[in-house]
Amino acid sequence: MNTSVMNSRNAVCVIVHDKGADTIATVLYAARNWSPQPAWTLPGGKAEPGEALDEAAARELKEETGLLVDPADLALVHVIHVEQGWDQTGQFVLFVFATDTWTGELTNTEPDKHLTAEWVTASRLPEPAFPTSTQALAAYQGGGPSFSRYGWSVTAAQ
């Protein structure tokens, strides 16, 4: 049996939807080497090798916002195949989860990475926003599609 763990190129993000207020939890990333200006995004990050995706999403949400969610309360709502990753070392797959069940208060728990964490209107992210986060939110709001891609050249339908 092969017990080696593949080096994961999976990323996760969570749409935490306060349906009563019709707002979602967001973070404003500070400028970084892969983002020349601050940009709004959905909380998330990389899944660790060998880590279940729903557990990675819950962990990243807690790490970035202080919000706690049971992985069982996360629904997979979209998948984006990204042609070039944040680190410029190739493609990755972004798994987008959503929930309307959480505990805790939205907090900027990583002030070294984020300028703020805020509840914003659920209809769209403030600008500038990460394109994949905008794409994920649009798919969630529109009820689909369940899969999209970002950065790949368009191929002609046969």
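**Salt bridges in close-up**

**View 1. Glu 110 and its partner Lys 113.** Glu 110 is buried, at 13% relative accessibility, where buried means under 20% relative accessible area, exposed over 50% and partly exposed in between (1.4 Å probe, protein chains only). Its side chain meets that of Lys 113 in a salt bridge (3.8 Å, N to O). A salt bridge is a side-chain nitrogen of Lys or Arg within 4 Å of a carboxyl oxygen of Asp or Glu. Lys 113 is partly exposed, with a relative accessible area of 28%. The model is predicted: local features need pLDDT of at least 70 and side-chain atom pairs count only at pLDDT 80 or more, while totals for chains, interfaces and linings use all residues. Residues are numbered from 1 along each chain as its sequence is written, and side-chain values use heavy atoms, with hydrogens and water left out.

**View 2. The salt bridge between Asp 100 and Lys 19.** The N to O distance is 3.6 Å. Asp 100 lies in the loop between strand E6 (92-99) and strand E7 (114-121), and Lys 19 in the loop between strand E1 (10-18) and strand E2 (23-29), so the pair ties together parts that are 81 residues apart in sequence. Strands (E, at least two residues) are DSSP runs, numbered from the N terminus. Asp 100 is partly exposed at 39% relative accessibility, whereas Lys 19 is exposed at 52%.

**View 3. A network of salt bridges around Arg 59.** Glu 51, Arg 59, Glu 60 and Glu 63 are linked in this network. Between Arg 59 and Glu 51, the closest N and O atoms are 2.7 Å apart. Arg 59 counts as partly exposed, at 22% relative accessibility. The count for the model is five salt bridges.

Note on methods: Helix = DSSP H or I, 4+ residues; strand = E, 2+ residues; numbered from the N terminus.
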